[in-house]
Amino acid sequence: MTKGAVIPKKGTTEKAILDFIKEAWEKNCFDSLLIPVEIPSGDSYTYLLIQDPSLIENASPLPPITSVQGARAISSITRKGKVTKRIAAIMRPCEIKAGMELHKLEQADLENVVLISVDCPGALPLSDYVPDSKTGKEKFLKVLKEWGGESVRPVCKTCLHFGAELGDLHIAILGDENSIYLIPNSDKGKEMLRSLGISAEENLPGWDTKISEIKKKKEENKKKSEEQLESEVLGLDRLLETFSKCIGCHNCMRACPICYCASCYFDSDNTEHDGTDYVDRAENKGALKFPCDTLFFHLGRMSHMSLSCLGCGSCEDACPMSIPVAQLFSFVGQKNQELFGYFPGMDKEEKVPLVVYKEKEFEEFEDSH
Amino acid sequence: MAKVLKINKGVEEGVKEVLKFLLENERVKGVFTLRKTGKNGAVTYALIKDPSEIDNCVPLYPLMPINAAKSLSTLTLREPLSESLALFVRPCELRAFVELVKLQQGSLENMLILSSTCGGVYPLKMAVTNNTDRNLEKYWTSLRAIETPSDIRPTCKGCEHFLPYNSDMTLVSIGKDIDKSCHVVLNTKKAEESLRGIEEEISDGELAAEDMESLRKRRISEREKLFSDLKTEDFGLDGLIDLHGKCIGCHGCSSVCPICYCRLCFFDSEVNEPGFSSYEGEMRKRGGIRVPPKTIFYHLGRLSHVGISCVGCGSCSDVCPVNIPLSTIFLKIGNAIQGTYGYLPGKDLDEKIPLQTFEEEELAKFEQ
């Protein structure tokens, strides 16, 4: 059974989370805070890194959308130069997981960062929320109440890590209506609660039950949507059809928290050819689509990042052609991850399989000739 | 007086007949135009070698999946084409490619250029919801009435350069008889030569200047409305923040922009990466800082890099996942920059881009 601390709410869930954060800040548990804040125009959110505690008043620890994936924010802050402040970061579980992957890939430095995750009801698609944020806010209230529903992004409907104990400290908001629960998940998290004089020894059966109920529902969603996806994308012809609308903008790659390369192979002059090469290819096939090699890009990107793919959905949010790229990538990603027995973002110490060498591995895939 | 080819077919079929004639009679070795493929009917550009593939082409389909200039640059970046190619592209795509050629990112050699009077294109979002086909009838009705179709991209509605510059052939796709007859104005000897032996009537003629002039006037007033609605004059920093605050930093606007040709953008380079000390400095000054930072710097920087060559094609707006009206901003500011230098991008291949020329005495009025 999960153990944690039960903190009574005074007001809304968001307020309860912020009250706890404020108290931790006052008691010097960290120096600055990374947290989502609504932008002045009111139709989106951004991450803010703040050291002035009064700025916390506008913060939204449970934003209805993910605009920039939080791991990208963590990487931007910690990748270059010594991090001399203790930073607390509040994010969705999939953002925390991506942050852990970037740490392993040496694109983020979590040494001075306390990662705080919150139970996640899912996020609305950017394309739904931004044009009409008023309706979006109403929709999200319903999502929070029903914990899911039809208006969240497809990958959120099938996400099983919405309440995972991740990072250093997890804030559970699903347990009961009158409290939030604090569940430490690392020495840093335990230390934070200890310095606040909070004991995390209470059993949380209510939360465990809720999580497993919702998980069961999501597992059913997942099974159904995977069957649907397989029928749509399996085989080269269907795959080509799926990506036939791709215009090669590479938004998916740039929104992806794992695709960290400053200059992608697929944007490099390695993918530049003589004019006659294109003409010859057109000659062989009768016609050559432009931009060409779009499927090569997607499969290449998939092979580069799928072991670390968390199914966060940012790629799909950024795709101007609404290609189900997150659904596809997380589906294939999870299959690859299972093969290696690797679960990205769960354990900071576990190495990414591509940096581990085993002499004997996957012999069943070897060519017997 | 120019020569005009007349085909007794609607324009969509007529242009395909021309392209097929060129390819079958080996006047060109390939054709570059829009083609419809697959079960979901995705419309993309294609380089076509097999004449039977022309049947799948939709040269006048009102959609710009990408600005063709980008693909033409891919095709000719390393070397000019070694065999002749007929291309059918929209006027703004041609203008963008002319800019790229000036910027040494491509070559027009061995290209036979076909373009048309342009009725504009629908936003990509319409293709996503598969609604373009449903709107086609409405689109062509508007073009027959010499009107601007509703729901086309905002910058298309306000585009006055819908007559192509630098095309060898100009297809008349706006006018009352376009469903019955296809008129192609042959602007160059090269065009006339390429159609030698075609079994269709070629006679003296010109574009219906009056109709085009009246459409141009309406487009200009539409553009003025578009520009004044944007209200950049009263912006200040708050206005800029309101407009760009929702940017997610995907830089899709830069990657689809035909003018943004750099392989590695300054704004994606390590030079522009903040580092923790600059975060610390900003927090000290302002209490807090947006992460990732420098959103407006990126957009203004890109504007200063491409504004002089911006043709207002609208691709940037099309790919923005959060609907920032980028193409309107870029066209408005771009027009102002271009006006200052008296430069119209993509019109004259021999005129250098102002940034490539140096004049000792220039724009003195801006000096302090």
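Biologist: In S3(B), what is the bridge partner of Ala287(A)?

Modeller: That's Ile48(B). Keep in mind that we're looking at a predicted model.

Biologist: And which residue of S3(B) is the bridge partner of Lys289(A)?

Modeller: Ala46(B) takes that spot. S9(A) and S3(B) pair in the antiparallel sense, over 4 bridges.

Biologist: What does the sheet look like, strand by strand?

Modeller: There are 9 strands in an open sheet, with mixed pairing. The order is S9(A)-S3(B)-S2(B)-S4(B)-S5(B)-S6(B)-S7(B)-S1(B)-S8(B).

Biologist: Which strands stand at the edges?

Modeller: Strand S9 (287-290) of chain A and strand S8 (201-204) of chain B. Each has a single partner strand, so one side of each is left without a neighbour in the sheet. On average, neighbouring strands here are turned by 30 degrees against each other, ignoring direction.

Biologist: What does S8(B) pair with?

Modeller: Strand S1 (residues 3-7) of chain B, in the antiparallel sense and over 4 bridges. Lys6(B) stands opposite Glu201(B) there.

Biologist: Back to S3(B). How many bridges join it to S2(B)?

Modeller: 7 bridges, and the two strands run antiparallel. One pair to look at is Phe32(B) with its bridge partner Leu47(B) in S3(B). S2(B) and S3(B) form a hairpin with 4 residues between them. In the turn, Gly38(B) has a positive phi of about 70 degrees.

Biologist: Are the residues of S3(B) buried or exposed?

Modeller: Buried: that goes for 7 of its 7 residues.

Biologist: Which helix lies across S9(A)?

Modeller: Helix H11 (residues 275-285) of chain A, running at about 125 degrees to S9(A). H11(A) also lies across strand S2 (30-37) and strand S3 (42-48) of chain B.

Biologist: What do the buried residues of H2(B) pack against?

Modeller: H11 and S9 from chain A, plus S3, strand S4 (85-88) and helix H3 (91-102) from chain B. Helix H2 (residues 68-76) of chain B has 9 of its 9 residues buried. Lys70(B) is one of them, and so are Ser71(B) and Thr74(B).

Biologist: How many residues of chain B are in contact with chain A?

Modeller: 63 residues of chain B, in contact with 66 of chain A. On the chain B side, S3(B) gives the most, with 6 residues. That side divides into 27 nonpolar, 19 polar and 17 charged residues.

Biologist: New topic. Which residues have the most contacts inside the largest nonpolar core?

Modeller: Ala89(A), Leu19(B) and Leu87(B), in a core of 196 residues. Helix H1 (residues 11-24) of chain B provides the largest share of this core, 7 residues.

Biologist: What is Leu19(B) in contact with, leaving aside neighbours within four places in sequence?

Modeller: Val31(B), Thr33(B), Ile54(B), Cys57(B), Ala86(B) and Phe88(B).

Biologist: Now the helices. At what angle do H8(B) and H14(B) pack?

Modeller: About 105 degrees, with the axes of helix H8 (residues 209-230) and helix H14 (residues 326-341) of chain B 10 Å apart. That makes H8(B) roughly perpendicular to H14(B). Leu226(B), Phe227(B) and Leu230(B) in H8(B) meet Thr328(B), Ile329(B) and Lys332(B) in H14(B). By class, that's 4 nonpolar, 1 polar and 1 charged.

Biologist: And what angle do H9(B) and H12(B) make?

Modeller: Helix H9 (residues 236-244) and helix H12 (residues 295-306) of chain B pack at about 95 degrees, with their axes 10 Å apart. H9(B) is therefore roughly perpendicular to H12(B). Leu240(B), Ile241(B) and His244(B) of H9(B) make the contact with Thr295(B), Ile296(B) and His299(B) of H12(B). The classes there are 3 nonpolar, 3 polar and no charged residues.

Biologist: Last one: is Lys218(A) buried or exposed?

Modeller: Buried, because 20 other C-beta atoms lie within 10 Å. Lys218(A) is found in helix H8 (residues 205-233) of chain A. Beyond its neighbours within four places in sequence, Lys218(A) is in contact with Lys157(A), Thr158(A), Cys159(A) and Leu160(A).

Terms used: Residues numbered from 1 in each chain as written. Chains lettered and ligands numbered in written order. Predicted model: local features only at pLDDT ≥ 70, side-chain atom pairs only at ≥ 80, totals over all residues. Pairing = 2+ DSSP bridges. Axes fitted to C-alpha atoms, helices over the stretch in contact; angles between N-to-C directions. Contact = placed C-beta atoms within 7 Å. Buried ≥ 20, exposed ≤ 12 C-beta atoms within 10 Å, placed from the backbone. Nonpolar A, V, L, I, M, F, W, Y, C, P; charged D, E, K, R; others polar. Core = buried A, V, L, I, M, F, W, Y, C linked by C-beta atoms within 7 Å. Parallel < 35°, antiparallel > 145°, perpendicular 65-115°, else oblique.
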